[in-house]
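Hi,

Here is the model I promised to pass on. Have a look at it first, and my notes follow below.

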Amino acid sequence: MNNTMRWDAARYVNEASFVPEMAASLVEVLAPQSGESVLDLGCGDGALTARIAAAGATVLGVDSSAEQLALAHARGLSVARQDAHALPYNARFHAVFSNAALHWMREPARVIEGVARALKPGGRFVAEMGGAGNIGAIVTALESGLRARGIDPAPLNPWYFPTPAAYARLLEDAGLVLRSLQYFERPTPFARDVGDWLSLMAVPFLAAVADPAKLVDEVRATAGRCGRLATGLRALALRRREARLMLTGGCLCGAVRYAVTVALQDVYFCHCAQCRKAQGSAYAASVPTPRAAFRLLEGEAQIKSFRASPHKRRWFCGECGSPIYSEVDEAPMLRLRAGSLDDSGTLTPVAHIFTDARPAWDEILDELPRYPGREPGR
Ligand SMILES: [Zn+2]
Ligand SMILES: [Zn+2]
């Protein structure tokens, strides 16, 4: 909301009560759940914030207007005065909700960046705002009235009404994944007269001219008879779930536990004679893992190592015998045993190595690359 605008809060309830009324179903799209935390961005007087709270969610309403926040506070809602262009929240909310507020925010990229950051990974953004062409006849009449008086209307226009394509790009640039975007028309009568509406909503235009009453007459003559053709956007987008940066694993008996703090990906199947013996199986499934990202959490007393070759140690649990990893002295990468990870769903098989060492019964049935010795580049 433009800081130069002062809301006559009581009048806003009368003249603009259509705003929360028409948006009842946006709360249904949000579908707030008990126990969720929700940010209501541009909460105004809190009419919809209260409905979100009634669903059992913990909701914080933020707005730049102290007058509106006083009304929301009077409803017993949790509110904070906050510039939407500088949201201070980090992965705090399951959902960010915004109705009829985003089109008052003239630097939308900053707003959306703050929204994306405020969401927990996987959290949702549910919003409705004016779209391209919204109240177009009125804006055109206001702008030509100002130009006729020698005033450039562009810096006075308090509204941002994007096209669906522009808004989709904005959301995606901020790292949100668009799930749906509706662009709709909603013919809306004025509660009383266009003049009442203008004196509430178009303050920057009227304040810029010496004869505001005459400007209102001009707008009424050209655009005010037929009500407002409102054009809106309704968006649902999600914050990406980041690759999990904390993987854990351990041995069969649970004595040895470790954590890995990078995303792991590649799995190599080693068919060498040492791996066969060490695993008691056809091959070892190993994941190259930066040494610095591996941390032993438990089992310092239980974990044991064996040198089958002079420069390489194989680590395993001394209690249950589970192989954990192998390491070449001084090498930056460990070879974590893939089967010791608790959740290895992100791993991808890459290649078979030392395939020349296979016994006859070890038949490879997939199409992965096969190398007779080490993989190239190692
Ligand atoms: Zn063990
Ligand atoms: Zn091997």
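Some housekeeping before I go on. This is a predicted model, in which local features need pLDDT of at least 70 and side-chain atom pairs count only at pLDDT 80 or more, while totals for chains, interfaces and linings use all residues. Residues are numbered from 1 along each chain as its sequence is written, and chains are lettered from A and ligands numbered from 1 in the order in which they are written.

As for terms, helices (H or I, at least four residues) and strands (E, at least two) are DSSP runs numbered from the N terminus, and two strands pair if DSSP finds at least two bridges between them. The angles come from axes, which are lines fitted to C-alpha atoms (for helices over the stretch in contact), and run from 0 to 180 degrees between N-to-C directions.

Staying with strand 12 for a moment, F294 is found there. F294 counts as buried because 20 other C-beta atoms lie within 10 Å (buried takes 20 or more, exposed 12 or fewer, partly exposed is in between, with C-beta atoms placed from the backbone). Not counting residues up to four places away in sequence, F294 touches Y258, V260, T289 and L334; contact here puts the C-beta atoms, placed from the backbone, within 7 Å. From F294 to A141 it is 153 residues in sequence and 66 Å in space, C-alpha to C-alpha.

On the overall layout, the protein is divided into domain 1 (9-239) and domain 2 (247-357), with bounds from an automatic or database domain assignment. The centres of the two domains, taken over C-alpha atoms, are 54 Å apart.

There is also an open sheet of seven strands, in the order 13-14-15-16-11-10-17 and with mixed pairing. Its edges are strand 13 (303-309) and strand 17 (348-353), each with a single partner strand, so each has one side without a neighbour in the sheet. Neighbouring strands in this sheet are turned by 30 degrees against each other on average, direction ignored. Strand 10 (residues 266-270) and strand 17 run parallel and are joined by five bridges, with V267 opposite P349 in strand 17.

Next, strand 4 (residues 93-99), where six of seven residues are buried. Strand 4 pairs in the parallel sense with strand 1 (residues 37-41) over three bridges, and V38 stands opposite A95. Strand 4 also pairs in the parallel sense with strand 5, over six bridges, and F97 stands opposite V126 in strand 5.

The largest nonpolar core has 46 residues, and L39, I52, V96, F97, V115 and F125 have the most contacts inside it. Such a core is a set of buried Ala, Val, Leu, Ile, Met, Phe, Trp, Tyr and Cys residues joined through C-beta atoms within 7 Å. Leaving aside neighbours within four places in sequence, V96 is in contact with L39, L41, V115, A118, L119 and F125.

Most residues other than glycine have a negative phi. A100, in the loop between strand 4 and helix 6, has a positive phi of about 55 degrees and counts as buried, with 22 C-beta neighbours inside 10 Å. E330 has a positive phi of about 70 degrees and is found in the loop between strand 15 (323-328) and strand 16 (333-337); with 7 C-beta neighbours inside 10 Å, E330 counts as exposed.

Last, G133 is found in the loop between strand 5 (119-130) and helix 7 (136-148). G133 counts as partly exposed, with 15 C-beta neighbours inside 10 Å. Apart from neighbours within four places in sequence, G133 is in contact with F161 and T231.

Cheers

Definitions and conventions:
Two residues are in contact if their C-beta atoms, placed from the backbone, lie within 7 Å.
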